[in-house]
Amino acid sequence: TSKPFRVEQCAARNGFQTDPKGVKAFVEWVPKYAGVQPRDVCKLTCRAKGTGYFVVFSQKVADGTECRLYSSSVCVKGKCVRTGCDGIIGSKQQFDKCGLCGGD
């Protein structure tokens with residue numbers, strides 16, 4: 001299974017970090033979803049796994065990143081843009097009651 005694009009962008013920051021006391025520790029970065037304001041969903045906000053510590057690494061995630069977890073909207077140039085269930089910007093395709101994209 002492929003990892004969500006936002007997970008990959010945070011994981012690219014993994015590595016040893018030095019805390020204010022000079023202690024080096026390996027930090028694994030994961031996306032921060034909870035508590036992110038709607039206007040900030042297209043920023044790359046990552047949390048140090050197992051902590052509440054988070055950092056906004058970039059004002060814009062890479063184009064095509066989901067705005068939110070399980071969202072059919074994607075970020076383009078820092079703005080959240082709606083897509084159809086087919087992943088195409090401007091498409092009106094929706095999931096039917098059986099979960100089929102574009103079904104009846």
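This is a predicted model: local features need pLDDT of at least 70, side-chain atom pairs count only at pLDDT 80 or more; totals for chains, interfaces and linings use all residues.
**Figure 1. A salt bridge between two loops, Lys49 to Glu28.** Here the side chains of Lys49 and Glu28 meet, with N and O 3.7 Å apart. Lys49 belongs to the loop between β4 (44-48) and β5, while Glu28 belongs to the loop between β2 and β3 (29-31), so this pair ties together parts of the chain that are 21 residues apart in sequence. How exposed is each partner? Lys49 is exposed, at 52% relative accessible area, whereas Glu28 is partly exposed, at 34%.

**Figure 2. The Asp40 and Lys43 salt bridge.** The count of salt bridges in the model comes to two, and this view shows the one that joins Asp40 to Lys43. Their closest N and O atoms are 3.1 Å apart. Is Asp40 buried or exposed? With a relative accessibility of 17%, Asp40 counts as buried, because the cut-off for buried is under 20%. Lys43 has 22% relative accessibility and so counts as partly exposed.

Figure 3. Which residues make up the patch? Tyr33, Leu69 and Tyr70 do, and together they give a nonpolar surface of about 360 Å². To find Leu69, go to the loop that links β5 (54-58) and β6 (73-76). Leu69 has a relative accessible area of 37%, which makes it partly exposed.

**Figure 4. Ser91 and what it touches.** Ser91 is in the segment that follows β7 (79-82). Its side chain reaches over to the backbone nitrogen of Gln93, at 3.1 Å. Setting aside residues up to four places away in sequence, Ser91 touches Thr83, Gly84 and Asp86.

**Figure 5. Cys101 and its contacts.** Like the residue in the previous view, Cys101 is found in the segment after β7. What does Cys101 contact once its neighbours within four places in sequence are left out? The list is Cys85, Asp86, Gln93, Gln94 and Phe95. Cys101 is partly exposed, with 34% relative accessibility. For a sense of scale, take Val56: Cys101 and Val56 are 45 residues apart along the chain, and their C-alpha atoms are separated by 34 Å.

**Figure 6. Val7 in helix α1, with Arg47 for reference.** Val7 has its place in α1, the helix formed by residues 5-11. A relative accessible area of 24% makes Val7 partly exposed. How many residues lie along the sequence from Val7 to Arg47, and what is the distance in space? The two are 40 residues apart in sequence, and 11 Å apart from C-alpha to C-alpha.

Definitions and conventions
Residues are numbered from 1 along each chain as its sequence is written. Side-chain values use heavy atoms; hydrogens and water are left out. Patches are made of residues with over 30% relative accessible area and no salt bridge: like charges are joined within 9 Å, nonpolar side chains (Val, Leu, Ile, Met, Phe, Trp, Tyr) within 5 Å. Accessible areas come from the Shrake-Rupley method with a 1.4 Å probe; for residues, only the protein chains shown count as cover. A salt bridge is a side-chain nitrogen of Lys or Arg within 4 Å of a carboxyl oxygen of Asp or Glu. Helices (H or I, at least four residues) and strands (E, at least two) are DSSP runs, numbered from the N terminus. Buried means under 20% relative accessible area, exposed over 50%, partly exposed in between (1.4 Å probe, protein chains only). A polar contact is a pair of N or O atoms within 3.5 Å; within protein, one must be able to donate a hydrogen and the other to accept it, and residues adjacent in sequence count only if both atoms are side-chain atoms. Contact means heavy atoms within 4.5 Å.
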